[in-house]
Amino acid sequence: MKRIDSIDLAAVHAELSAPLAEAFERVMASGRYVGGPEVEGFEREFAAFCGVGGAVGVNSGLDAVRLALEGLGVGPGDEVIVPAHTAVPTWLAVSAAGCRPVPVDPDQSTMLVDGAGIARAVGPRTAAVVVVHLYGLVVEMDPIAELARRHGLALVEDASQAHGARWHGRRIGALADAAAFSLYPTKNLGAAGDAGIVTSDDERMLERVRRLASYGSRTPGVAESRGVNSRLDALQAAILRVKLADLDRANDQRRVHAERYRVALSGRADVKLPRPLPGSEPVWHQYVVRVRQRDRVGAELARRGVQTAVHYPVPPHRMPAYADLDAGPLPLAERLAEEVLSLPVAPHVTERGCGRVCAALENVLEQIPPR
Ligand SMILES: *Cc1c(COP(=O)(O)O)cnc(C)c1O
């Protein structure tokens, strides 16, 4: 039987091959390969999609988080609160901005940071909070935004896994001082290479991001600050415009798959399912369940032709890069790292495929002795 893969980007792109080829030809014929009208068009369309004032295309998600912080005036000497359970680039972006990441343990039921955890981590040097809509699930924004306002903290959404998700009807990317998106190929909205984007309602903040991302220069050739090169390519922008037009449909496909898993697996005591918050509309970047003996379950599923993944096996505070960070105890992040297992949920996985995944998982779990 055909293997069910976690990711099959070639299959996704094959469905869009005609408009993608047209976009490629258009950009090559234009002679403008970095910035320019194609990038401006994508920035406009993505901002409109999110319902936010504006957007600036950059080179990657890591740069988007970093430049969002810098554009909000967060920098060296500042502490930035981050989830302990996230992709490591969230932390690396904070470090790249010259700040110290202060991790917060996730809520056990949602796997996300919450207002109570963040409130406990606020200290005299705290300048900002980066929340992460991990797995396409949506963080409970209202109490966190209220807390940030009360303490005068900058609030940034790392929305790299949640393009198109909603919180009480509003798109994420429009719920904080700024939001940062990765547009890496495997994300819900992905380019054919590295790309990222920053959104905000604050035009001056976006102008600072634009300048920092282009050698710190407003006037070409004159650096006003020590900026970087983090611009968006026109080819990537043109590809992203094609894929943005298809994003809601692709996310709906993920929802169908997630619902299939929920219905099939919700009766089981030996699998913990993701629990989106009431009022949120997740976009299922990953469908992450929690099981005991996770590595064995993953290996047995692979033997049955089902590819799974682990997001993420090592929490950032356990990585060599952060060996010198005194993070304090983070037991919930460590427990998640041992239990999380991502089932295939991307648009190319069919409903029948999900059925096969469920059957294989149930079969494997029968062999795992109860605790
Ligand atoms: C992918 C990702 C990033 C980094 O994005 P890149 O484009 O790979 O730099 C940052 N944060 C989260 C939550 C991500 O999933």
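Let's start with what covers helix α12. The cover over its buried residues includes β11 (287-290), α11 and β12. Those buried residues are Ala 333, Leu 336, Ala 337 and Glu 339. Keep in mind that this is a predicted model.

Next, helix α13. This helix runs over residues 351-365, so to speak of its length: 15 residues, and 21 Å from its first C-alpha to its last. That is close to the 21 Å expected at 1.5 Å a residue. Which residues of α13 are buried? Gly 353, Cys 354, Gly 355, Val 357, Cys 358, Ala 360, Leu 361, Val 364 and Leu 365. An α-helix has 3.6 residues a turn, so residues three or four places apart point the same way. And what covers the buried residues of α13? The cover includes α10 (247-265), α11 (294-303) and β12 (340-343). β12 is also among the elements covering α12.

Now the cores. In soluble globular proteins, nonpolar side chains tend to be buried together. Here, the largest nonpolar core holds 78 residues. The members touching the most other members are Phe 42, Phe 46, Val 131, Tyr 261, Tyr 287, Val 297 and Leu 343. Which element gives this core its largest share? Helix α13, with seven residues. There is also a second, separate core. That one has 34 residues, including Val 130, Val 156, Ala 180 and Tyr 322.

Take a look at Phe 46. Leaving aside residues up to four places away in sequence, Phe 46 touches Phe 181, Leu 189, Ile 197, Thr 199 and Leu 244. Phe 46 also belongs to an aromatic cluster, together with Phe 42, Phe 49 and Phe 181.

On to the aromatic pairs. How many does a search of the whole structure find? Six. One of them joins Trp 91 and Tyr 322. Their geometry is edge-to-face, with 5.0 Å centre to centre and 70° between the planes. Trp 91 sits in helix α5 (residues 88-96), while Tyr 322 sits in the loop between α11 and α12 (331-339), so this pair ties together parts that are 231 residues apart in sequence. Are the two partners buried or exposed? Trp 91 counts as buried, at 0% relative accessibility. Tyr 322 counts as buried too, at 6%.

A tilted pair comes next: Trp 284 and Tyr 287. Their centres are 5.1 Å apart, and the planes make an angle of 35°. Both residues are buried.

For contrast, go to Phe 24, in helix α2 (residues 17-30). Phe 24 is partly exposed, because its relative accessible area is 42%, and the buried class needs under 20%.

Last, the whole chain. It has 13 helices and twelve strands. The radius of gyration is 21 Å, close to the 21 Å that the globule rule gives for 371 residues, so the chain is as compact as a globular protein of that length. The C-alpha atoms fill a box of roughly 65 × 55 × 40 Å along the principal axes. Of the 371 residues, 54% count as buried. Consider contacts between residues at least 6 apart in sequence: 72% of them join residues at least 24 apart. Finally, the surface. The chain exposes about 16000 Å², and carbon and sulfur atoms supply 51% of that.

Terms used. Residues numbered from 1 in each chain as written. Predicted model: local features only at pLDDT ≥ 70, side-chain atom pairs only at ≥ 80, totals over all residues. Heavy atoms only, no water. Helix = DSSP H or I, 4+ residues; strand = E, 2+ residues; numbered from the N terminus. Expected span 1.5 Å × (residues − 1). Buried < 20%, exposed > 50% of the residue type's maximum accessible area, 1.4 Å probe, protein only. Contact = heavy atoms within 4.5 Å. Core = buried A, V, L, I, M, F, W, Y, C linked by side-chain atoms within 4.5 Å. Rg over C-alpha atoms; globule rule 2.2 N^0.38 Å. Areas by Shrake-Rupley, 256 points an atom, 1.4 Å probe, with all protein chains shown as cover. Phe/Tyr/Trp six-rings, centres within 6.5 Å; stacked < 30°, edge-to-face > 60°.
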